[in-house]
Structure formats: C-alpha cells, structure tokens
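Hi everyone, thanks for coming. Let me put today's structure up on the screen, and then I'll walk you through a few spots in it.

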Amino acid sequence: AAGFGIAVAAGARFDKQMSAVSAATHASAADLELLRKAALEAGKDTAFSATEAAQGITELSKAGIKTSDILRGGLAGALDLAAAGELSVGEAAETAASAMTQFQLSGKDVPHVADLLAAAAGKAQGSVHDMGEALKMGGLVASQMGLSIEETTGTLAAFASAGLMGSDAGTSFKTMLLRLAAPSGEAAAKMKELGIRAFDASGQFVGMAGFAGNLQTALGGLTDEQRNAALSVIFGADAIRSAAIVYQQGQSGVQGWIDKTDDAGFAADTAAKKTDNLMGDVERLTGSLETLAIESSTGASSGLRILVQAADRLVNSLSGIPAPVQQAGVGIAGVAGAALLAAAGVAKMKEATGKATEQLVALGPHGATAARGLSRVTAAAGRVGIALAAMQVASAAFGTSINPRIKAMADGMEQFGRTGTFAGETARVLGEDMTRLHDALKSLNTGTWSDIDRGITGTIEGMTGLGNVMDDSFQKSR
C-alpha cells in the first residue's frame, strides 16, 4: 500500500509538471509524448528526477525553444548546467534560455551557453547563479552594443576575478556601455583629449578586447590621480568599477578571459565530476526509482482520475439540492448515526451483561433470579438510551425548537429517579420502555442484590472510607 501511494504521488507530480509543459508549448500530442519520454530518460540517466527535467523543459519552452531543439541538446545542456552550477533544473534552464534570448541565439545553442556560464563560474570567483544575475542586468545592453555572448561572459568572468560579481557586475557593466554609447559633453571631451575610442569609423563597437587595449594605452601614461579623475568623468561613480578592471586587464587580459570561458564541453565535464561520488549515485538511484514509480503508476493514476472526477460530479450534483432538503438530510443522518452508536453500546453492554449473568447463575437460585432481572434492565435501558440519544441529536440538528421537550424529559427523568414514577413528556415519548425499565429495576430489589450491594460497599468502605456514600448511591439507584 505504501509503495502504491508513493508511485501514485510521483506520477501525479510528474503529470502536473507535464501539464505545465503542455501549457507552455501548446505542442501536439506527438511532441508532448516525445518530451515526456525525454524527461523520463533524464530521470533515469542523470542526478535529477523526471519531474525536475520536466520543469527544465517548461522553462526552455517558455523561452521559445522548439521541441526539436530541446530534444537535440537543449534539455541536456540545462541539466549539465544545473549539475555543474549546483542549481535547480528550473533555474538553470531559465538562465540559459534568458541568455539565449538576449543574444538572439537558437535552441541548439543552449549547450554552448551552458558551457560559457559554467566555465565563467568555474574559472573565476562566484557561481553560475552569480553569472546568471550579471547577465540579467547587463546582457541585453551588451547585445545591443554588438557584443557576442562569448565576449560578454568573458568580460563578466574578468570582473568576477577582481571581485565584482552578480547583479552588481551586470549593472556596472551596463552603465559603462551606456556611458560609452552616449557620453555627456564633458565625458566626450575627455575621451577625445585622451584618444579613447569605443567605435570604429563605421560606427561599430570595437569589441571588449579592443576597447580594453585602447583604454590601457590611453591612460597608461597618467598618474593614479589623473587616471581616476579621467575614469570618473567618463564613466561616473558606478561604472568606474568596471572601467577600472577593463583598464587593468588590457586587451590581452580581457581576451584571455574570453578564450577561457569559451570552453566546449565544460558544463558536461564539470557535472560528471561533481556527481562522481556517493551522493551522486544516490541521486541517480532516486531519479531512477521515481521514473519507475511514474511509469508503473500510469494505469493507477488514470483509474484514480476517473474516480476523483466522478466524485467531483457527485458533489456538484448534491450541492444543487435545495437547502432545506440538505438540512433535513443532515439531521436524519445525525439521528441515524446516534442510533447506530447507541446500538453499538447496547451490543457491547449485552456482551458484558451476558458474562455477568453467567456468573450470577452459577451462584444458584438467587443468582439466577438476579441474572434474569439484570437482563431485563439491560434491554429496557438500551431502548431508553437510544431514544434519549436520538432526541438529543435531533435537538442539535434542527435547532432550539425541540429543546423545551428535552428539558421536560430531563425533569421527568429526575422525578423518576426520586420517586420511581414518571409522567408528562417522559411518559409520552418513552412510553412502555420506561415501564419496562421501571419493572426491571424493581425486580432487582431482592435479597441477593442487597447482599451484593452490602458486599461491594463494605469492601469500598474498608479501602477508602467511602462506604456510606456508595451504599446511599446504591440504595437510590435501586
């Protein structure tokens, strides 16, 4: 049963995520089946589950990547990036897809994007998450300036090597590029004075490595004070951080980082190394088990869906019943439930009483008489108990209109307890059952019962000193 529950739960989670894939792609049934199989295969072969793989497919699809590109490397690239960068599959896919969109790449380039991001994070400070945040802030402007994704990730890796990472790096980089694209009058004059050129004769950006070389040459002969002042005028307080790193790296430094991050296969290789351990084995086993559970739960899940949908239709149809009918139904069910509970109590009491009567019969003639009396009390008390329980439940179910009758019955029961007679509401409702109970209780007022009474009270008095109280209670109960 536990295995069945686990399988159904795994299948339900996976189906829910595949519904998200369907909503993101609006793909045909044939394409969805291909994506489903790809997710299940990923669950078997990688450290991620099939459900996590389906989350990656969703993010890639939302970025406009075609099913064919997802199947031909897009999903694999996202999974490698997730393992290499220790990210969730969803975040890795979103990061790669966002970079792909910024630089107008196609879905088949996702593995290359994964290599660039993993290499930038693996060879400089920070993480893949930091590189993703930097690209979110600066990638679009870099693309508009004509930079390639290789130049952009290489430059961001150079920033990270100097301690400028994450969204701060992306924001500073973006501001630096914008200041170069539209310098203020003072900044343009300073650039002209120093011979700093960001664009060639045709108006194209000279590239990050070319600009770094030009900047280093132009500022190399200045003192530290003069250089910092010039950078402040040209780039402002925020972008001066990026510009200073570009100056320090120069053309060879920036180009070196571009070359180091453009490392094909880095993500897959890093992912393999990071998962080549016991935890990686456990994660792969877990993914395989989940895939097995998903595949084995297909039939059960379909059957359960039919049952749940039928139950939903039933509940909806019941909700259309008029309110008074619903309330009456609840009241009837409550009374019936109370009657069943009372009947169960009577059955249990009869069982116990049966054992008691057997013992009493064994005492001889007097015991047999007491046994017959006890049986009559049991039967009569059971019927009275059921009636009282039903009246109390009816009072709760239908409101306070019946409460005065309940009170009248309570008064009648109190009178019966004091005098042995009953009348009024008690007699009207319970009728012959009270008579039977009365007669049955009277029949127990025999010598044998009195002997039992005295024996019990004597024992309690010897143990607790409460014999007088118990004796008085027994006398009143009789």
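So, let's start inside: which element gives the most to the lining of the largest cavity? Before I get to that, please keep in mind that this is a predicted model.

Okay, the answer is α7, with 3 residues. Let me back up and say what that cavity is. If you search the whole structure for cavities of 30 Å³ or more, you find 1. The largest cavity holds about 40 Å³ of space. Around it sit Gln125, Gly126, Ser127, Asp130, Met131, Ala134, Leu156, Ala160, Leu164, Met165, Gly166 and Ala169. Two or more residues of that lining come from each of α7, which is 128-144, α8, which is 149-161, and α9. And what is the lining like by class? You get 7 nonpolar residues, 4 polar ones and 1 charged one.

Helix α9 runs over residues 166-181 and helix α12 over residues 224-261, and the two pack at an angle of about 115°, with 8 Å between their axes. So α9 is roughly perpendicular to α12. As for the hand, α9 passes α12 in a left-handed crossing. If you count up the residues of this contact by class, there are 10 nonpolar, 5 polar and 4 charged.

Let's move over to another pair, α4 and α6. How do these two pack? Helix α6 covers residues 110-123, and α4 packs with α6 at an angle of about 15°, the axes being 7 Å apart. That makes the two helices roughly parallel. Their crossing is left-handed. From α4 the contact takes Gly73, Gly74, Gly77, Ala78, Leu81 and Ala84, and from α6 it takes Val110, Pro111, Ala114, Leu117 and Ala118. By class, that's 8 nonpolar and 3 polar residues, with no charged ones.

Last stop, and α4 comes up again. The second largest pocket has a volume of about 240 Å³. It is lined by 17 residues, and the ones closest to its centre are Asp45, Thr46, Ala47, Leu79 and Asp80. Which element gives the most to this lining? That would be α4, with 7 residues. At least two residues each come from α2 (29-45), α4 (67-85) and α13 (266-274).

Conventions. Residues are numbered from 1 along each chain as its sequence is written. This is a predicted model: local features need pLDDT of at least 70, side-chain atom pairs count only at pLDDT 80 or more; totals for chains, interfaces and linings use all residues. Side-chain values use heavy atoms; hydrogens and water are left out. On a 1 Å grid over the protein atoms alone, a cavity is a set of points where a 1.4 Å probe fits but cannot get out, and a pocket is an open set with protein on both sides within 12 Å along at least five of seven lines; lining residues have an atom within 4 Å of a point. Grid points are joined across faces, edges and corners, and a volume is the space filled by probe spheres set on the points. Helices (H or I, at least four residues) and strands (E, at least two) are DSSP runs, numbered from the N terminus. Axes are lines fitted to C-alpha atoms, for helices over the stretch in contact, and angles run from 0 to 180 degrees between N-to-C directions. Angles under 35 degrees count as roughly parallel, over 145 as roughly antiparallel, 65 to 115 as roughly perpendicular and the rest as oblique. A crossing is left-handed if the near helix is turned anticlockwise from the far one by less than a right angle, and right-handed if clockwise. Ala, Val, Leu, Ile, Met, Phe, Trp, Tyr, Cys and Pro count as nonpolar, Asp, Glu, Lys and Arg as charged, and the others, Gly among them, as polar. Contact means heavy atoms within 4.5 Å.
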